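Subject: Structure handover

Hello,

Here is the structure I promised to pass on. Please open it first, then read the notes below it.

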Amino acid sequence: MTQYFDALETRTADQRANDLAIALPAQIARAQNTAQSGALSGVDAAKITTVDDLADLPVLRKSALLDAQKHNAPLGGYADALAARHIFQSPGPIYEIGHTSHDWWRFGRAMNAAGLNANDIVQNTFSYHFTPAGMMFENGASAIGATIFPAGTGQTEQQARVATDIGVTAYAGTPDFLKMILEKGDALGLDLSKITKSLVSGGPLFPQLRQYYIDRGISCLQCYGTADLGHVAYETDAMDGMIVDEGVIVEIVTPGTGNPVAAGEIGEVVVTTLNPDYPLIRFATGDMSSTLSGVSACGRTNMRIAGWQGRADQATKVKGMFVRPEQVATLIERHPEIHKARIEVTHDGSTDNMTVRLETDHGDEKHFENAVRDVLKLRADIEIVAKDALPKDGLVIQDKRDLT
């Protein structure tokens with residue numbers, strides 16, 4: 001029988017919508033008291049009650065956080081540093097807050113879904129240095145009552161010996177590091193057979209690696225989160241995609257825009273967090289994914305995504321100049337007769353070539369020549385295609401050059 005973390009996981013669609021209609025306006029109002037106030041100026045928070053309503057609000061990109069923190073240290077006005085328990089630094093550098101209150105980052109939900117509980121000793125190999133990952137998973141393990149060994153990164157021999165000495169039963173860390181610990185234990189003749197559960201994140205979990213763990217009697221599920229947002233989505237033993245966390249709202253949008261894609265299409269993951277301490281509205285993660293239809297076989301009813309499907313930053317250098325997804329978005333905004341656009345970059349042996357393929361009912365390529373040159377700052381061939389003719393793979397810029 002499935003052991004749910006809480007009743008939120010099995011809400012009906014109507015219950016979830018009703019709860020969101022209360023929580024979302026309150027979170028918008030909180031964000032309007034932070035550095036997001038400018039972007040949300042004129043927005044009536046009381047009228048933002050559904051996911052569809054969010055589509056009218058601007059997307060917040062990490063570059064905006066970085067820029068704000070340079071001028072208003074340490075958190076750029078997006079959160080209260082003095083109210084935080086911790087301040088972390090991630091590569092950028094960019095600073096994030098943390099708290100030690102119950103399941104503040106919400107990773108307890110993912111740990112519960114992975115089968116971890118109060119009977120486990122969890123070896124947490126995420127870093128406790130500078131970045132928040134170690135504390136994120138420690139906070140989650142505390143929420144399910146597990147005992148934690150704060151191992152941090154590196155030192156595979158010491159990791160293997162400690163796991164044997166204290167009887168570690170579960171692992172938290174990057175997907176590949178557990179394999180390194182197990183192999184070191186094998187080389188040392190150590191018994192690590194008590195490790196039967198693992199929750200991984202921070203890197204790709206390849207099928208062959210998951211099978212390696214299964215063959216050793218270790219279940220291996222993955223979760224997805226960021227330093228800014230905390231936990232975003234997680235796998236369950238149903239193995240049918242990743243279920244969105246109950247403390248966030250996920251949208252999938254066309255890269256470079258805030259426009260939601262059609263159901264099932266690949267796009268950029270944009271997240272609104274309901275955490276009152278750090279209200280980020282429509283935060284663009286830069287990761288690509290797509291939604292899955294229906295609900296999970298495990299009984300949890302929230303939206304599901306397919307997992308990581310690439311990066312949204314498709315910026316490509318052509319003839320010495322960068323072409324970016326935001327420029328494609330600008331082209332469509334200026335010309336509503338364009339339904340969808342895609343840039344393809346090729347090389348003919350001597351020079352780069354760029355083709356702009358447009359889904360539009362306007363059949364004259366010349367009609368768009370000046371607009372394309374004005375937005376992209378480069379000359380390009382233009383190809384008109386029928387509506388729905390372009391691939392639904394999330395790419396707005398495809399580099400088809402052989403760069404090897």
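**N112 and its surroundings**

A polar atom in the side chain of N112 sits 2.8 Å from the backbone oxygen of Q3. That is a polar contact (a pair of N or O atoms within 3.5 Å; within protein, one must be able to donate a hydrogen and the other to accept it, and residues adjacent in sequence count only if both atoms are side-chain atoms).

Before going on, some ground rules. This is a predicted model, where local features need pLDDT of at least 70, side-chain atom pairs count only at pLDDT 80 or more, and totals for chains, interfaces and linings use all residues. Residues are numbered from 1 along each chain as its sequence is written, and side-chain values use heavy atoms, with hydrogens and water left out.

N112 belongs to helix α4, residues 108–113. Helices (H or I, at least four residues) and strands (E, at least two) are DSSP runs, numbered from the N terminus. The relative accessible area of N112 is 13%, so N112 is buried. The cut-offs: buried is under 20% relative accessible area, exposed is over 50%, and partly exposed is in between (1.4 Å probe, protein chains only). Setting aside neighbours within four places in sequence, N112 is in contact with Q3, Y4, F5, I144 and R300. Contact means heavy atoms within 4.5 Å.

**The annotated domain**

An unreviewed UniProt entry annotates residues 114–272 as "domain: AMP-dependent synthetase/ligase". UniProt positions are given in the numbering used here, feature names are shortened, and annotations may be inferred rather than shown by experiment. Across residues 114–272, the chain is 27% helix and 28% strand. The end C-alpha atoms of that stretch are 24 Å apart.

**Aromatic rings**

Rings of Phe, Tyr and Trp (its six-membered ring) pair if their centres lie within 6.5 Å; planes under 30 degrees apart count as stacked, over 60 as edge-to-face and the rest as tilted. By this rule there are five aromatic pairs. One of them joins F107 and F137: the ring centres are 4.6 Å apart and the planes meet at 40°, so the pair is tilted. F107 is in the loop between β3 (94–98) and α4, and F137 is in helix α5 (residues 133–143), so the pair ties together parts that are 30 residues apart in sequence. F107 is buried at 2% relative accessibility. F137 is buried too, at 3%.

Y212 and Y213 make an edge-to-face pair, 5.6 Å centre to centre with 70° between the planes. Y213 is buried at 0% relative accessibility. K179 lies over the face of Y212, 5.0 Å from the ring centre. For that, NZ of Lys or CZ of Arg must be within 6 Å of the ring centre and within 35 degrees of the ring normal. F88, W104 and W105 form one aromatic cluster.

**Cysteines**

C220 is buried at 5% relative accessibility, and C223 is buried at 4%.

**T50**

T50 is in the loop between α1 (13–31) and α2 (51–54). T50 is partly exposed, at 33% relative accessibility. T50 and A21 are 29 residues apart in sequence, and their C-alpha atoms are 6.2 Å apart. Not counting residues up to four places away in sequence, T50 touches L20 and L24.

Best wishes
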